[in-house]
Amino acid sequence: MTSYTIPGMYVREHTVEVPLDWSGAGSGTITVFARELVDPMRKDDDLPCLLFLQGGPGGKGPRPVEPSGWIGQALKTYRVILMDQRGTGRSTPVSGRRMASLSAEEGADYLACFRADSIVADAEHLRTTVFGGRRWSTLGQSYGGFLTLTYLSKAPEGLTACYVTGGLASIDPSAAEVYRRTYPRVVAKNREFYRRYPHNVERVGRIADRLATSDVRLPDGDRLTVRRFQSLGIDFGMKPGYERIHWLIDEAFDGDELSDTFLGQVLGLSSYSGGPLFAALQESIYGSGDGATGWAAEVERALRPEFAEDARPLLFTGEMMYPWMFAEIRGLRPFQGAVEVLARRPRWSELYDLERLAANDVPVAAAVYYDDMYVDSGLQLDTANRVGNVQAWVTNEYEHDGLGAERVFARLTELVRSVGGGVPVD
């Protein structure tokens, strides 16, 4: 076991071997990696554990450089466990090279092993084999909240308390319903962006016109299309997203041509080279029981002409993945056949146990961001009403990245302590 100290944190590294397919299909094993963080002055103390369930899907654990934000708060009381979810980081990453070696059907079966139920099984294996089987608390950010509900469905006996930020999934999973609700929120975010920066209406239109009439290439050789440019609106759901896109557009032109600076930044924002699973599994996270996801975001977009490539002002899209991405984006092309098969898959493993969730007695505190662009607040509140022992804190003070504000985690721990859950604060 590797251990070392970085500023303000003592780190232990853990690697465990787990089945690729927890259903017992005998398809081999993969490795799951986790970092354990603890206050250096308390590294030998008997402290409870807090497992961080990263957003995504396809998100690896944070790589902290200092004990700040929620991590700094948590280290006062907990050992913090940062698990790289299977397929990410140091947990047998899913790569384009690996996907290119598989047929479309094989690739779909492989990707189906990287969903919430498998991630929860990995976490339970880590808890029982590395951390002595003691119950732990979880903090789920975004998709981590989806994982939390699966955890409460599959193995609530392993949990003492759950904290969720922007991620109470609908327990009646439907990709079509999610996008029916989130597209209007994306329209509202676009309106706010252009209200703040009205001069960008002309600039964005000028960029789109250039892309529609010219063969503009990104540094990796991919053509930059209008729809790929529109996809940058995924950032509008984060607190500084408007400003980041504003400054991107500010340097878009070098004379009459699109600048190298702009093209390089667009490549970095839209290539998914650092996390292809995020794109590949985006709609598959809603597959549960019977029913295909069927490229729900693409179907809904076709019903909304305001998102057309020639509409002005041009509207950016949000956290939506489209079939064309797997043809146009170099890093996603090896996934194309597999995701097409997944979109048609008629039957999925069940992610949520409705009876068990209704009877849940594990304290859950959830921050519901009222204007959340990614996870609809209405669906979150419906879930809060149907899952036992949930306290929902509804706020429009924060965007989807509210966990970065010190107040959010502190507020959730207060809510759990108010009902006698969690651990005491020193």
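Tutor: Here is a walk through that pocket, from its volume to its lining. This is a predicted model, where local features need pLDDT of at least 70, side-chain atom pairs count only at pLDDT 80 or more, and totals for chains, interfaces and linings use all residues. Residues are numbered from 1 along each chain as its sequence is written, and side-chain values use heavy atoms, with hydrogens and water left out.

By pocket I mean an open set of points on a 1 Å grid over the protein atoms alone, where a 1.4 Å probe fits, with protein on both sides within 12 Å along at least five of seven lines. The volume is the space filled by probe spheres set on those points.

Its lining runs to 46 residues, and Q54, G55, G56, G59 and F278 sit closest to the centre; a lining residue has an atom within 4 Å of a point. As for helices (DSSP runs of H or I, at least four residues, numbered from the N terminus), α1 (69-74), α10 (260-270) and α11 (276-280) each give the lining at least two residues.

For contrast, the second largest pocket has a volume of about 370 Å³. D21, S23, A112, C113 and S118 are the closest to its centre, out of 20 lining residues, and that lining divides into eight nonpolar, four polar and eight charged.

Note on methods. Ala, Val, Leu, Ile, Met, Phe, Trp, Tyr, Cys and Pro count as nonpolar, Asp, Glu, Lys and Arg as charged, and the others, Gly among them, as polar.
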